[in-house]
Amino acid sequence: MKIIKKIFLAVVMLFAFASCMNGPIKLTGGAAPINPSQKKVLVAYFPEYSAKWRDDLELSFESRKWKVNEIDFWEVEKANLRKRNETFLIVVDKMIKEDYKSFLGGTFFSGNISVYDLRTGKKIIDYNVHTEESFDVTTRLAKALGELVRK
């Protein structure tokens, strides 16, 4: 029985280690720092699985005191985004739901997330999600943008 417990513990440790392997999301463009009053994001979700991504992204950002607004995915190209109040645009492009399930019941996805600085119009993050939980991705995304906030 002790051997079974040790094997089970080793498997749990392996899963814990594997889930922590994804590093931080890095900024690709030269985004200027922002004031705490500018902590506003506009999000466009691809319609498929949008409810899951919406819930996780809102939790990740609102818990860090960001204001989150939403725009229809198909309206992004038509809208005049420079006249909006938000600082960043997050585009959650088409996500593919993977067949994996996490230990804690999370759902894995693959796809692409782009972040644009609406002050300059430049893409500052182009992140390829590869078999990752949506909550982990949105949390790391909130941390990456949070690094731009002046203290």
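In this predicted model, the lining of the second largest pocket is made up of nine nonpolar, three polar and five charged residues. That pocket holds about 340 Å³ of space, and of the 17 residues that line the second largest pocket, Val76, Glu77, Leu89, Val91 and Tyr116 lie nearest its centre.

From the pocket we can turn to the nonpolar cores. In soluble globular proteins, nonpolar side chains tend to be buried together. The largest nonpolar core here has 29 residues, among which Phe61, Ile90 and Leu145 touch the most other members. At least two residues of this core are supplied by each of strand E1 (40-45), helix H2 (50-62), E3, E5, strand E6 (122-133) and helix H3 (134-146), with the largest share, five residues, coming from H3. Leu145 shows how such a residue can be surrounded: if its neighbours within four places in sequence are left aside, Leu145 is in contact with Leu27, Val41, Phe61, Trp66, Phe88, Ile90, Val115, Ile124 and Ile125. Apart from this core there is a second, separate one of 10 residues, including Phe46, Ile71, Leu89 and Val91; of these, Leu89 and Val91 are also among the residues nearest the centre of the second largest pocket.

In one of them, the ring centres of Trp66 and Phe88 are 6.2 Å apart and the ring planes stand at 50°, so the pair is tilted. Because Trp66 lies in the loop between H2 and strand E2 (67-70) while Phe88 lies in strand E3, this pair ties together parts that are 22 residues apart in sequence. Trp66 and Phe88 are both buried, and both are in contact with Leu145. Another pair, formed by Phe73 and Trp74, is edge-to-face, with 4.9 Å from centre to centre and 90° between the planes. Phe73 has a relative accessible area of 15%, which is why it counts as buried, and together with Phe46 and Trp74 it forms one aromatic cluster.

Ser114, whose place is in strand E5, is buried because its relative accessible area is 9%. Beyond its neighbours within four places in sequence, Ser114 is in contact with Leu89, Ile90, Val91, Lys123, Ile125 and Asp126. Thr139, in helix H3, has a relative accessible area of 14% and is therefore also buried, and, with its neighbours within four places in sequence left aside, Thr139 is in contact with Ser60 and Arg64.

Most residues other than glycine have a negative phi. Tyr49, however, has a positive phi near 65°; this residue has its place in the loop between E1 and H2, and at 30% relative accessibility it counts as partly exposed. Lys65, likewise not a glycine, has a positive phi of about 65°. Its place is in the loop between H2 and E2, and Lys65 counts as exposed because its relative accessibility is 69%.

Conventions:
Residues are numbered from 1 along each chain as its sequence is written. This is a predicted model: local features need pLDDT of at least 70, side-chain atom pairs count only at pLDDT 80 or more; totals for chains, interfaces and linings use all residues. Side-chain values use heavy atoms; hydrogens and water are left out. On a 1 Å grid over the protein atoms alone, a cavity is a set of points where a 1.4 Å probe fits but cannot get out, and a pocket is an open set with protein on both sides within 12 Å along at least five of seven lines; lining residues have an atom within 4 Å of a point. Grid points are joined across faces, edges and corners, and a volume is the space filled by probe spheres set on the points. Ala, Val, Leu, Ile, Met, Phe, Trp, Tyr, Cys and Pro count as nonpolar, Asp, Glu, Lys and Arg as charged, and the others, Gly among them, as polar. A nonpolar core is a set of buried Ala, Val, Leu, Ile, Met, Phe, Trp, Tyr and Cys residues joined through side-chain atoms within 4.5 Å. Buried means under 20% relative accessible area, exposed over 50%, partly exposed in between (1.4 Å probe, protein chains only). Helices (H or I, at least four residues) and strands (E, at least two) are DSSP runs, numbered from the N terminus. Contact means heavy atoms within 4.5 Å. Rings of Phe, Tyr and Trp (its six-membered ring) pair if their centres lie within 6.5 Å; planes under 30 degrees apart count as stacked, over 60 as edge-to-face and the rest as tilted.
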